[in-house]
Amino acid sequence: MSSLSDIGTIKDIMQRHGFSFSKGLGQNFLVNPSVCPRMAEMGGANEQSGVLEIGPGIGVLTAELARRAKRVVAVELDDRLIPVLGETLAEFDNVKVIHGDALRLDLAGVIREEFADCESVAVCANLPYYITSPIIMALLESRLPISSVTVMVQKEAADRICAPVGSRDSGALTVAINYYAEPRMLFRVSPGSFMPPPKVTSAVIRMDILPQPKYDVGSEKVFFDMVKAGFSQRRKTLANSLTSGGFLSKEKAAQALSAACIAPNTRIEALNMEKLAALSRCILEST
Ligand code: SAM
């Protein structure tokens, strides 16, 4: 199969299969030939590993993963791409394409059944940007037996995810991801690397999943409710944001902040993971 990042090859495939891009499904296909080999290498695809890909498109990244990994399973929502992938990935006997919605599929079951003989499992994907946060959070929250998640996302999302917790650029997603994993920026990708080119710059990030969370938050429910309340009014002081939406009463908020040695006029964006975990434990004790 000639290179799947070649524009002529893509146009030929599209014409033969009567395929046109769906904006709604976030279809921007990679045409820069250097990106997928880099992603596959840095995403940890090797002879012992299984790789789960979300949104293979016409299979440009899938092929690079299949060349390196023991086994690749790719989940694609667009039924028009299933026959295309049958053609473009025909040379690989270690790839399975599943037609389905990555947000609804039983990914734990897929991993159990498909990667039983693999030493580790990694997720590697050029994500459809309209579901970046839900996909990442679903992968992390369901505690899948995966070692890392390497994904292409919008540069702004990458900057936010990789910002230090406790800095102005951090957000609720930064905190949630840092609870489950260690995120890091790998490299940027320009709009011209895609067909059609998106309006925004992209970036590839890698999140290494922690075997256990590093921080004792007391209760995950309290911790994530606190993060949600705090960041939904991030410019307000914690004394105000923690009472917004009925999360805590004024008295309980004051009591917990005092027990955690945090000044009531602090904003949530100024707290690092240790402080956030301490505050969560104090809220749990005060309720
Ligand atoms: N991997 C290809 C590449 O890099 O050229 C395509 C990436 S494109 C940005 C995103 C892909 O995700 C598209 O093929 C789209 O049809 C697919 N997709 C969108 N929503 C999905 C979902 N909920 N589950 C699985 N695949 C999805």
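Biologist: Where is the place of R143?
Modeller: R143 is in the loop between α6 (132-141) and β6 (148-154). Helices here are DSSP runs of H or I with at least four residues, and strands are E runs of at least two, numbered from the N terminus.

Biologist: What about phi at R143?
Modeller: R143 has a positive phi of about 50°, although R143 is not a glycine.

Biologist: What are the ground rules?
Modeller: This is a predicted model, with residues numbered from 1 along each chain as its sequence is written. Local features need pLDDT of at least 70, side-chain atom pairs count only at pLDDT 80 or more, totals for chains, interfaces and linings use all residues, and side-chain values use heavy atoms, without hydrogens and water.

Biologist: Next, peptides. Which residues does the cis bond join?
Modeller: M195 and P196, with omega at about -15°.

Biologist: And where is P196 found?
Modeller: In the loop between β8 (194-195) and β9 (202-209).

Biologist: On to the ligand. How many residues surround it?
Modeller: 24 residues surround the ligand (a heavy atom within 4 Å). The closest are L30, G55, E76, N126 and Y130.

Biologist: What does G55 do there, in distance terms?
Modeller: A backbone N or O atom of G55 is 2.9 Å from a ligand nitrogen.

Biologist: How far is E76 from the ligand oxygen?
Modeller: A side-chain N or O atom of E76 lies 2.6 Å from an oxygen atom of the ligand. For G57, a polar backbone atom is 3.3 Å from a ligand oxygen.

Biologist: How much of the ligand does the protein bury?
Modeller: The protein buries 99% of the 600 Å² that the ligand exposes when taken alone (Shrake-Rupley, 1.4 Å probe).

Biologist: Which elements give two or more residues to that shell?
Modeller: β1 (29-30) and β3 (71-76).

Biologist: Helices now. At what angle do α1 and α4 pack?
Modeller: Helix α1 (residues 7-17) and helix α4 (residues 81-88) pack at about 130°. Their axes are 11 Å apart. Axes are fitted to C-alpha atoms over the stretch in contact, and angles run from 0 to 180 degrees between N-to-C directions.

Biologist: What do you call that arrangement of α1 and α4?
Modeller: α1 and α4 are oblique to each other. Under 35 degrees is roughly parallel, over 145 roughly antiparallel, 65 to 115 roughly perpendicular, and the rest oblique.

Biologist: And how do α8 and α9 pack?
Modeller: Helix α8 (residues 172-180) and helix α9 (residues 220-232) pack at about 155°, with axes 9 Å apart. That makes α8 roughly antiparallel to α9.

Terms used:
A polar contact is a pair of N or O atoms within 3.5 Å; within protein, one must be able to donate a hydrogen and the other to accept it, and residues adjacent in sequence count only if both atoms are side-chain atoms.
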